[in-house]
Amino acid sequence: MSSSDASDPAPQAEGAAVPAQPRYYSRFSLSQRYLHATIFTTFLGLALTGMTLRFSHSGWADRFALAVGGFSAILFWHKFCAVILTLAFLIHLGDLGYRGIFKGQRGIFWGPNSMVPRWKDFQDIYGHFRWFFWLGPRPKFDRFAYWEKFDYWAVFWGMGIIGISGYAMWFAPFVARFIPGSWLNIALLIHGEEALLAVWFIFAIHFFNTHLRPGSFPMDLVIFTGRMTEEELKEKHPVEYQRLVETGKLQAYLAPAPERWLKNFGWLVGSVVVLSGFVLLVLTLFTFFRGV
Ligand code: HEM
């Protein structure tokens, strides 16, 4: 469907009530969607292999490792995913630096389209919790809600702690030239505990916030299609919608309706990832608390 198809409401046939086509607006660029896809596939790979290493004493981990060629194969795939994730992260940092510093796009670092928290985010947290308990109206969110910013920064935090400890263990003989060898035991402890926290957070909180909460259940396809309907934009990001209308920029975001194959692809991949995450969440919670 062309953008004009999407923008012009369908003509009403005489006497028949033909539902108008929804208008779609662009939210994520293709490169942002590729970046997210790289992050979630490598994270899932790291979580699956990492948790198999961490709970190697349990039956499920043992059987899974055997099925894919043993624990050395698990470690190989863990490192493989780690390298891809690190590259994606570095490319993202490079892109931010290039656009923010060399191309002068300061809006990346501050303002309504930035991921950097603002005072409004803290007001929204307070307002949202009041709304949870029927004590006030639902806050009106801007382009990125406070929990979306939190999820974004969690990757930086995770890459810092999990990444540095991971590479320290990977290149242990080299690193041990500069730090006491016993610190590498601490690195293993930090790596494993922080990874467990990240896995529980992503597979419980992030998945709930993005796909399972009312309004998005059972699957929000925006990260696959890059587009959302006008209704969704008004409902989920009313402050952004209002600003785009007032500044006359809304039309610039108008996009064709997502193709059927892309929506089906999003459904398929999204379901596999959410289900895999849920299975891993249950297995790790069970093994952690039962100890088997
Ligand atoms: C740059 C990223 C990463 C690198 C370089 C890395 C590297 C490593 C290495 C080398 C090991 C093996 C340690 C050993 O010899 O026993 C390991 C273990 C592990 N990794 Fe990663 N890793 C990374 C990211 C992740 C992520 C994102 C997760 C999960 C969310 C994760 C979860 C684990 C777990 C649970 C273990 C086992 C820890 C234990 O035995 O207690 N890793 N990692």
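**The ligand site and the aromatic pairs**

Analyst: In this predicted model, the shell around the ligand draws at least two residues from each of α2 (30-54), α4, α6 (146-170) and α8.

User: Which residues come nearest to the ligand?
Analyst: Gly50, His78, Ile162, His191 and Ala195 come nearest, out of 22 residues around the ligand. By class, the shell holds 13 nonpolar, 7 polar and 2 charged residues.

User: What makes His78 and His191 ligands of the iron atom?
Analyst: Donors are N, O and S atoms within 2.8 Å of the metal. The NE2 atoms of His78 and His191 coordinate the iron atom of the ligand at 2.0 Å, so they meet that cut-off. His78 belongs to helix α4 (residues 71-102) and His191 to helix α8 (residues 182-212), so the pair ties together parts that are 113 residues apart in sequence.

User: Why is the site of the iron atom called octahedral?
Analyst: Six donors count as octahedral if opposite donors are over 155 degrees apart and all others lie between 65 and 115. Here there are 6 donor atoms, with angles of 87 to 179° among them, and the site is octahedral. For reference, ideal angles for six octahedral donors are 90 or 180 degrees.

User: How do you know whether His78 and His191 are buried or exposed?
Analyst: Buried means under 20% relative accessible area. His78 has 14% and is therefore buried; His191 also has 14% and is therefore buried.

User: Why are Phe76 and Trp77 called edge-to-face?
Analyst: Ring centres must lie within 6.5 Å, and planes over 60 degrees apart count as edge-to-face. The model has 26 aromatic pairs. Phe76 and Trp77 are 5.0 Å apart centre to centre with 80° between the planes, so edge-to-face is the label. Phe76, at 48% relative accessibility, is partly exposed, and Trp77, at 43%, is partly exposed.

User: What about Tyr146 and Trp147?
Analyst: Their centres are 5.3 Å apart and their planes 90° apart, which makes this pair edge-to-face. Tyr146 and Trp147 are both buried. Elsewhere, Phe89, Tyr152, Trp153 and Phe156 form one aromatic cluster.

Methods. Residues are numbered from 1 along each chain as its sequence is written. This is a predicted model: local features need pLDDT of at least 70, side-chain atom pairs count only at pLDDT 80 or more; totals for chains, interfaces and linings use all residues. Side-chain values use heavy atoms; hydrogens and water are left out. Donors are N, O and S atoms within 2.8 Å of the metal (3.2 Å for Na, K and Ca); water is not among the atoms, so sites may look incomplete. Four donors count as tetrahedral if all angles lie between 85 and 135 degrees; four count as square planar and six as octahedral if opposite donors are over 155 degrees apart and all others between 65 and 115; anything else is irregular. Helices (H or I, at least four residues) and strands (E, at least two) are DSSP runs, numbered from the N terminus. Buried means under 20% relative accessible area, exposed over 50%, partly exposed in between (1.4 Å probe, protein chains only). A residue is near a molecule or strand if one of its heavy atoms lies within 4 Å of it. Ala, Val, Leu, Ile, Met, Phe, Trp, Tyr, Cys and Pro count as nonpolar, Asp, Glu, Lys and Arg as charged, and the others, Gly among them, as polar. Rings of Phe, Tyr and Trp (its six-membered ring) pair if their centres lie within 6.5 Å; planes under 30 degrees apart count as stacked, over 60 as edge-to-face and the rest as tilted.
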